[in-house]
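Subject: Handing over the model

Hello,

Here is the structure I promised to pass on. Have a look at it first, and then read on for my notes.

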Amino acid sequence: LIEFAMGALPVIGRELRVQARRASTTWLRVLAGVLAALTTASTVSWMQVQSPAQAGRQLFASLSGLAFIFCLIEGVRQTSDTLSQEKRDGTIGLLFLTDLSGFDIVVGKFAATSLGALYGWLAVFPAMAIVFPAGGVTAGEFWRTQLVLLNALFLSLACGFWASARHREAKSSLVTGLVLVF
């Protein structure tokens, strides 16, 4: 297993350098955290509840729903143009001229492009944990929800990547990935 992962490291390094040069890499995390904080503040301000536990439960439900939609959309958006861009630019053949196998290229591209979406999910994580002092949500419920969000993110990443492999144009692969995930 380690030998398989070692072959993907050059592709992961190359893709991470490309993503580090994009301004959207940082702004995605900032935007996800700000939206979660604004949702928390607005939900708390309009709630008319009798107990803090009920407020915590309502806040957790609204944040979970928004985070679920975020995971489904962002995963497809991040990966829907990875392989199709290489095909359009004509550089996918150059990757196969190296000593990398097809598996190494796919794992490397998938790992590098999914990292941004994973960081977006991690930015929402603290806002969802704010419900613990209010009560109404158990630790088991919180962790099961995080597992569902991570699973939804993985599903959307895989759908976007599959659509990218099937299409040549960015728009058609994005639409196909979104239709597939929903």
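In which kind of crossing, left-handed or right-handed, does helix 7 pass helix 8? The crossing is right-handed; a crossing is right-handed if the near helix is turned clockwise from the far one by less than a right angle, and left-handed if anticlockwise.

Before the details, some bookkeeping. This is a predicted model, in which local features need pLDDT of at least 70 and side-chain atom pairs count only at pLDDT 80 or more, while totals for chains, interfaces and linings use all residues. Residues are numbered from 1 along each chain as its sequence is written, and side-chain values use heavy atoms, with hydrogens and water left out.

**Overall picture**

The protein chain has 8 helices and 0 strands, where helices (H or I, at least four residues) and strands (E, at least two) are DSSP runs numbered from the N terminus. The C-alpha atoms fill a box of roughly 65 × 35 × 30 Å along the principal axes. Of the 182 residues, 38% count as buried (buried is under 20% relative accessible area, exposed over 50%, and partly exposed in between, with a 1.4 Å probe and protein chains only). If you take the contacts (heavy atoms within 4.5 Å) with a separation of 6 or more, residues 24 or more positions apart account for 78% of them.

**Helix 7 and its partners**

Back to the pair I opened with. Helix 7 (residues 139-166) packs against helix 8 (residues 170-181) at an angle of about 140°, with the axes 8 Å apart. Axes here are lines fitted to C-alpha atoms, for helices over the stretch in contact, and angles run from 0 to 180 degrees between N-to-C directions. The two helices are therefore oblique to each other; angles under 35 degrees count as roughly parallel, over 145 as roughly antiparallel, 65 to 115 as roughly perpendicular and the rest as oblique. On the helix 7 side the contact is made by Leu 155, Ser 156, Cys 159, Trp 162, Ala 163 and Ser 164, and on the helix 8 side by Ser 173, Thr 176, Gly 177, Leu 180 and Val 181. By class, this contact has 6 nonpolar, 5 polar and no charged residues. For the classes, Ala, Val, Leu, Ile, Met, Phe, Trp, Tyr, Cys and Pro count as nonpolar, Asp, Glu, Lys and Arg as charged, and the others, Gly among them, as polar.

Helix 7 also meets helix 6 (residues 102-129), with axes that come within 10 Å and cross at roughly 150°. Helix 6 and helix 7 are therefore roughly antiparallel, and the crossing is right-handed. Among the residues that meet are Phe 110, Trp 121 and Phe 125 in helix 6 and Trp 143, Phe 154 and Phe 161 in helix 7. The contact of helix 6 with helix 7 has 17 nonpolar, 3 polar and 1 charged residues.

Not counting residues up to four places away in sequence, Ser 164 touches several residues, including Thr 79, Asp 81, Lys 87 and Ser 173.

In helix 4 (residues 82-89), Leu 83 and Ser 84 are buried, as are Thr 82 and Glu 86. Just after helix 4, Gly 90 takes a positive phi of about 80°.

**Helix 3 and helix 8**

Helix 8 has a further partner in helix 3 (residues 52-79): their axes come within 9 Å and cross at roughly 150°. Helix 3 and helix 8 are therefore roughly antiparallel, in a right-handed crossing. Leu 72, Ile 73, Val 76 and Arg 77 in helix 3 meet Leu 174, Gly 177, Leu 178 and Val 181 in helix 8, giving 6 nonpolar, 1 polar and 1 charged residues by class.

Glu 74, also in helix 3, counts as buried because its relative accessibility is 6%. A polar contact of 2.8 Å joins the side chains of Glu 74 and Gln 78 (a polar contact is a pair of N or O atoms within 3.5 Å; within protein, one must be able to donate a hydrogen and the other to accept it, and residues adjacent in sequence count only if both atoms are side-chain atoms). Leaving aside neighbours within four places in sequence, Glu 74 is in contact with Leu 28 and Ala 117.

Best wishes
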